[in-house]
Amino acid sequence: NQIVELLATFRERSSATTWGWHSEVTLHHPFEYSLTPVESFPLREDQSIAMVHPMLASLNLPGEATFQLRVKNWLEHEQVVTLAAEGADLSMTPASAQLVLPAQGEATVELRAAPAKGSGLYRFEIRLHAGPYRVNERVGLAAVREGEALAYSFDYDRDGFDDVLMENRTVRCFVSPGAGGRSFALVLKGSNTNAFNSVGGMRDSFTTRFEPDDMKEVAEWTRVNWLGLYNRPYSFRIVTAAGEQSEARFEYDAPDIYPKGVSLERTLTLRGHQNVVLMTTRVTPRGIEKPQAYVLENSVSFRSFDNPNYNQWFAPGHPREDFVPQRKIDLGVRAGYFGTVNKQSGETFALMMLTPAERSQLVVENHSALIRSIYPAFTEKNQTYTYSVGYYLGKESPEEIEKRFTQLKAAKHD
């Protein structure tokens with residue numbers, strides 16, 4: 001629907017008086033449609049964004065997904081809209097239908113999609129047409145069995161580049177390879193709560209950079225975030241699409257990282273029965289000169305415009321407390337984990353450093369905070385350094401998080 005503003009100016013001949021006229025009209029397509037229920041992307045605590053073209057829906061197997069397809073006729077006379085729905089390895093009911101809509105009337109059709117196989121992303125298309133006007137809507141149905149997990153590519157933000165989504169029945173993780181492999185959302189599916197924000201988690205950075213001479217006169221704003229790979233295009237592949245665990249791998253070669261470049265490989269694993277995304281990052285420096293080290297950064301929000309300080313934070317040696325803007329806090333040497341707790345819901349996010357960082361910092365801004373995990377400096381060129389991290393989202397208490405961290409760390413060494 002498009003609102004058009006109409007303006008007209010009149011003036012009588014030989015007169016200095018000007019008359020104005022203003023009106024608005026709304027232009028409609030012959031018909032419009034909506035499909036529910038579908039998923040939305042939680043940009044931040046107080047705002048979600050619809051995922052359309054394609055849409056994303058969820059289903060716990062066994063069973064079938066039931067949608068309500070609403071079609072509205074904007075014409076002043078009766079209109080017949082033809083519906084067709086089809087997808088691979090799906091039984092669609094109805095597969096076709098004709099909707100007879102009265103003038104300015106609407107109708108709702110119950111559309112059912114039954115997967116023919118097990119856990120996976122099932123893609124289908126809905127086609128609607130009346131006369132010369134046609135619309136197509138693509139839908140991805142993420143279907144998950146109990147105790148299983150998925151990994152699949154899906155352009156959830158409509159930027160033209162495939163993203164990677166990993167999920168089980170409890171959590172869903174959004175990763176954007178084209179934005180430096182950052183995760184803009186780790187979501188608890190029951191509440192659609194997002195642990196991250198638009199700054200992102202899983203940010204790869206480094207401690208040291210030396211600029212070439214031809215960069216020294218460039219304006220400061222062009223290199224504000226020069227330390228990280230936050231907007232580099234990572235390559236990716238889905239290693240395991242579905243099963244007891246799903247796995248995705250990301251890679252990037254950064255020849256400009258001091259002193260002679262690095263190669264980076266990241267593997268994300270999600271098990272079907274856990275609320276934990278496991279991340280293993282392997283960094284191979286191609287040279288060694290002055291100290292250089294890998295830094296992992298994750299951004300979490302703690303306040304919004306209408307909900308100040310909804311999150312508290314905790315870490316070993318730091319009981320739950322409110323975030324205080326414009327502070328930088330040293331979390332201590334080899335701090336094992338960092339967490340946040342939502343005051344209203346009790347939902348807990350935890351970053352668990354299964355490979356100990358040399359030191360960790362909490363950098364608090366006005367609405368969000370950055371957790372910086374700084375690892376020991378590289379000592380040998382062409383040697384691969386491995387860093388393991390767990391991301392938890394659920395309702396465990398800080399005391400339970402400490403136990404989970406101990407268990408995951410023990411499992412890592414088994």
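A residue counts as buried when its relative accessible area is under 20%. At 0% relative accessibility, phenylalanine 302 therefore counts as buried. Phenylalanine 323 stands at 2% relative accessibility, so this residue counts as buried too. These values come from a predicted model.

**The chain as a whole**

The protein chain has 414 residues, of which 48% count as buried. Its secondary structure comes to one helix and 33 strands. Taken along the principal axes, the box filled by the C-alpha atoms is roughly 75 × 70 × 40 Å. The accessible surface of the chain is about 20200 Å², and carbon and sulfur atoms account for 48% of that surface. Of the contacts between residues at least 6 apart in sequence, 59% join residues at least 24 apart.

**Aromatic rings**

The structure holds 20 aromatic pairs. A pair of aromatic rings is described by the distance of the centres and the angle of the planes. One of the pairs is formed by tyrosine 294 and tyrosine 387, with 4.8 Å from centre to centre and 25° between the planes, and this pair is stacked. Tyrosine 294 belongs to strand β25 (residues 294-301) and tyrosine 387 to strand β33 (residues 385-394), so the pair ties together parts that are 93 residues apart in sequence. Both tyrosine 294 and tyrosine 387 are buried.

The two phenylalanines from the opening paragraph also form a pair. The ring centres of phenylalanine 302 and phenylalanine 323 are 4.8 Å apart and the planes meet at 15°, so this pair is stacked. Phenylalanine 302 lies in the loop between β25 and β26 (311-315), while phenylalanine 323 lies in the loop between β27 (318-322) and β28 (327-333), so the pair ties together parts that are 21 residues apart in sequence.

Tyr294 and Tyr387 also belong to one aromatic cluster with Phe206 and Tyr375. A ring elsewhere has a charge over it: the charged end of lysine 72 sits over the ring of tryptophan 74, 4.9 Å from the centre of that ring.

**Sheets and strand pairs**

Another open sheet has four strands in the order β3-β7-β11-β9, and its pairing is antiparallel. At its edges stand β3 (31-36) and β9 (90-93), each with a single partner strand, so one side of each is left without a neighbour in the sheet. The twist in this sheet averages 20° from one strand to the next.

| Strands | Bridges | Facing residues |
|---|---|---|
| β8 (residues 79-87) and β10 | Six | Alanine 84 and serine 96 |
| β7 (residues 65-73) and β11 (residues 106-115) | Eight | Leucine 69 and valine 109 |
| β1 (residues 2-11) and β2 (residues 18-27) | Ten | Leucine 7 and histidine 22 |

Strands β1 and β2 form a hairpin with six residues between the strands, and serine 14 in this hairpin takes a positive phi near 70°. In a regular strand the side chains alternate between the two faces of the sheet.

Technical notes:
Residues are numbered from 1 along each chain as its sequence is written. This is a predicted model: local features need pLDDT of at least 70, side-chain atom pairs count only at pLDDT 80 or more; totals for chains, interfaces and linings use all residues. Side-chain values use heavy atoms; hydrogens and water are left out. Rings of Phe, Tyr and Trp (its six-membered ring) pair if their centres lie within 6.5 Å; planes under 30 degrees apart count as stacked, over 60 as edge-to-face and the rest as tilted. Helices (H or I, at least four residues) and strands (E, at least two) are DSSP runs, numbered from the N terminus. Buried means under 20% relative accessible area, exposed over 50%, partly exposed in between (1.4 Å probe, protein chains only). A charge sits over a ring if NZ of Lys or CZ of Arg is within 6 Å of the ring centre and within 35 degrees of the ring normal. Two strands pair if DSSP finds at least two bridges between them. Axes are lines fitted to C-alpha atoms, for helices over the stretch in contact, and angles run from 0 to 180 degrees between N-to-C directions. Contact means heavy atoms within 4.5 Å. Accessible areas come from the Shrake-Rupley method with a 1.4 Å probe; for residues, only the protein chains shown count as cover.
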